[in-house]
Amino acid sequence: MKHHYMSYYLDAPIVKGRVFDVFEADEDAPKREYAFFFVHGGGWRHGSRQGGTHILMDELARRGYTCASTDYRLDAPDAFVQISDVRESFDTFVDMLLAEGREPKIIIWGEFE
């Protein structure tokens, strides 16, 4: 199924950039042992989890992988805050996998722009 994902917001009320999307593995595909966690590029100043990444995450999910793609605050005062955003998304994704009884074997992947 094309672009079937769920967005998870880390704050209430919502804070722009503190969100990640999870693509569940296709039910018809054999479940893969590993999951993917993707961080978009953009030099900590631009970009989005929803760019070409969603096309890739959709294809990986179709092949049986559970995937997550995260954003971070582009207007943060420094990269340490942004790394903290990414880390919180990652930790939440790990907790989700553990709640499903899965071992958190995760391939972390990012891009440069």
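**Close-up views of a predicted model**

View 1. Leaving aside neighbours within four places in sequence, Ala29 is in contact (heavy atoms within 4.5 Å) with Arg62, Arg63 and Gly64. You will find Ala29 in the loop between S2 and S3; helices (H or I, at least four residues) and strands (E, at least two) are DSSP runs, numbered from the N terminus. With a relative accessible area of 15%, Ala29 is buried; buried means under 20% relative accessible area, exposed over 50% and partly exposed in between, using a 1.4 Å probe and protein chains only. Its C-alpha atom and that of Ala68, 39 residues apart along the chain, are separated by 18 Å.

A note for all views: this is a predicted model, in which local features need pLDDT of at least 70, side-chain atom pairs count only at pLDDT 80 or more, and totals for chains, interfaces and linings use all residues. Residues are numbered from 1 along each chain as its sequence is written, and side-chain values use heavy atoms, with hydrogens and water left out.

**View 2. The open sheet.** In what order do the 5 strands form the sheet? The order is S1-S2-S4-S3-S5, with mixed pairing; two strands pair if DSSP finds at least two bridges between them. Strand S1 (6-9) and strand S5 (106-110) stand at the edges with a single partner strand each, so one side of each has no neighbour in the sheet. From one strand to the next, the twist averages 20°; axes are lines fitted to C-alpha atoms, for helices over the stretch in contact, and angles run from 0 to 180 degrees between N-to-C directions. S1 and strand S2 (residues 19-23) run antiparallel and are joined by 4 bridges. Look for Tyr9, whose bridge partner in S2 is Val19.

**View 3. Strand S3 and its partners.** Here 5 of the 5 residues of S3 are buried, so this strand is largely enclosed by the rest of the structure. Ala35, Phe37 and Val39 point one way, while Phe36 and Phe38 point the other way. S3 and S4 run parallel, joined by 5 bridges, and Phe38 has Ser69 as its bridge partner in S4. The chain passes from S3 through H1 to S4 in a right-handed β-α-β crossover: with the strands pointing away from the viewer, the path from the first strand over the helix to the second runs clockwise. S3 also pairs with S5 in the parallel sense over 5 bridges, where Val39 stands opposite Gly110.

**View 4. Packing around Phe93.** A nonpolar core is a set of buried Ala, Val, Leu, Ile, Met, Phe, Trp, Tyr and Cys residues joined through side-chain atoms within 4.5 Å. Of the 15 residues in the largest one, Phe20, Val22, Phe37, Ala68, Phe93 and Ile106 touch the most other members. Helix H2 gives the largest share, 6 residues. Not counting residues up to four places away in sequence, the residues that Phe93 touches include Phe20, Val22, Ala35 and Ile106.

View 5. Most residues other than glycine have a negative phi, and most peptide bonds are trans. A cis peptide bond joins Ala12 and Pro13, with omega about 0°; Pro13 lies in the loop between S1 and S2. Trp44 is not a glycine, yet has a positive phi of about 65°. This tryptophan, Trp44, sits in the loop between S3 and H1 and counts as partly exposed, at 29% relative accessibility.
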